[in-house]
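Colleague: Please take me through this model. For each term you use, I would like to hear what it rests on.

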Amino acid sequence: MEDRSYQAIFFDLDGTLLPMDIDNFLKKYGVQLGKFFADEGFDDPQGLVKKVFTSTAVMCDEHEGLTNKEAFWEAFEKDTGLSQELMEPKMYEFYRGPYNDIAADLAPFPQAAYVVKLLRKKGYPLYLTTMPIFPTTAVRERIGWVGLNEGDFERMTTYSNSSHVKPSLDYYQENLSYAGLKGEDVLMVGNNTSEDLAAMELGCDAFLVTDMLIDPIDYDLSQVRHGSFDDFVRFAESLPDCEPHELDFMSLLEMGTEFQDDEE
């Protein structure tokens, strides 16, 4: 692959920076959430977990004019009769507590935090472009599992600040617009050939991390830079320092106020 320079790097989280079997994660997530609902005294806690999942799926459908968060809570309230006012604080409590028990069986890449710090030192603006179906609190906790924090990224996508999901090109355009960049300015680092490599349709370059490769479209890997996470670390080490670019501050201001993150 031809070497290119970049003005920013977009990172996927699950399966990329954080090694994770998604099916196993979701199973454990459902178990922990069910136990939490039971402890909180809800009737039919497992049934309530299923309604969290079905309401989450609504975020993956078209919901013109709504953020993912608004789409989720609209569906959840309609499906359960339970108010956002009641349930949202409880969900924050879950994410700050029992949710973190899921991390016990995970073995993070030893160099995940290192490579993020390295690229920041080289001057690259980094964006955590993870699937935006979780609250900010949940994403904060999950990046903590690999020794990172919110301050390591210019932006991390959550259900509060996004109105689309992967692999929608509108999702990637939201992030490019926020960064004030064009696709050709950006390297996308991910592990899913459908969800993450969709960014290439907008001109982004990509590095596909193959340790936990998800390939639902039988993608020809020769068409993209790819390798293990260790290979990516070596690639990152070879990158030159990032050259600063001029930002469209009016565009940034508009994007920064379009979605308000009102989580605690």
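Modeller: Contact means that heavy atoms lie within 4.5 Å. Helices are DSSP runs of H or I with at least four residues, strands are DSSP runs of E with at least two, and both are numbered from the N terminus. This is a predicted model, in which local features need pLDDT of at least 70 and side-chain atom pairs count only at pLDDT 80 or more, while totals for chains, interfaces and linings use all residues. Residues are numbered from 1 along each chain as its sequence is written, and side-chain values use heavy atoms, leaving out hydrogens and water.

Colleague: What covers the buried residues of H6?

Modeller: The cover includes helix H1 (22-39), helix H4 (84-96), strand E2 (126-128) and strand E3 (155-156). The buried residues of H6, which spans 136-144, are Thr 136, Thr 137, Ala 138, Val 139, Arg 142 and Ile 143. Buried means under 20% relative accessible area, exposed means over 50%, and partly exposed lies in between (1.4 Å probe, protein chains only).

Colleague: Why does Glu 88 count as buried?

Modeller: Its relative accessibility is 12%, and the cut-off for buried is under 20%, so Glu 88 counts as buried. Glu 88 is placed in helix H4. Leaving aside neighbours within four places in sequence, Glu 88 is in contact with Lys 69, Trp 73 and Tyr 159.

Colleague: What makes the link between the side chains of Glu 88 and Tyr 92 a polar contact?

Modeller: A polar contact is a pair of N or O atoms within 3.5 Å; within protein, one must be able to donate a hydrogen and the other to accept it, and residues adjacent in sequence count only if both atoms are side-chain atoms. The side chains of Glu 88 and Tyr 92 are joined at 2.7 Å. Glu 88 also makes a side-chain polar contact with Lys 69, at 2.9 Å.

Colleague: Why is the pair of Tyr 29 and Phe 53 called edge-to-face?

Modeller: The whole structure holds 29 aromatic pairs. Their ring centres are 5.8 Å apart and their planes stand at 75° for Tyr 29 and Phe 53, so this pair is edge-to-face. Rings of Phe, Tyr and Trp (its six-membered ring) pair if their centres lie within 6.5 Å; planes under 30 degrees apart count as stacked, over 60 as edge-to-face and the rest as tilted. Tyr 29 is in helix H1 and Phe 53 in helix H2 (residues 45-58), so the pair ties together parts 24 residues apart in sequence.

Colleague: How do you know whether Tyr 29 is buried or exposed?

Modeller: Tyr 29 counts as buried because its relative accessibility is 5%. Phe 53, at 32%, counts as partly exposed. Tyr 95 and Tyr 99 also form an edge-to-face pair, with 4.9 Å between centres and 85° between planes. Tyr 95 is buried at 3% relative accessible area, and Tyr 99 is buried at 0%.

Colleague: What makes Arg 142 a charge over a ring?

Modeller: The rule is that NZ of Lys or CZ of Arg is within 6 Å of the ring centre and within 35 degrees of the ring normal. The charged end of Arg 142 sits over the ring of Phe 134, at 4.7 Å from its centre. Arg 155 lies over the face of Tyr 178, 4.8 Å from the ring centre.

Colleague: How do you know which strands E4 pairs with?

Modeller: Two strands pair if DSSP finds at least two bridges between them. E4 pairs in the parallel sense with strand E1 (residues 8-11) over four bridges, and in the parallel sense with strand E5 (residues 205-209) over four bridges. Ile 9 stands opposite Leu 187, and Gly 190 opposite Leu 208. Five of the five residues of E4 (186-190) are buried.

Colleague: What makes E3 and E6 edge strands?

Modeller: The open sheet has six strands in the order E3-E2-E1-E4-E5-E6, with parallel pairing. E3 and strand E6 (225-227) are the edge strands: each pairs on one side only.

Colleague: Where does pLDDT stay under 50?

Modeller: It stays under 50 over residues 255-260. pLDDT is the predictor's confidence in each residue, from 0 to 100. The chain mean is 93, and 91% of its residues reach 70 or more. Where pLDDT is low, the predicted coordinates should not be read in detail.
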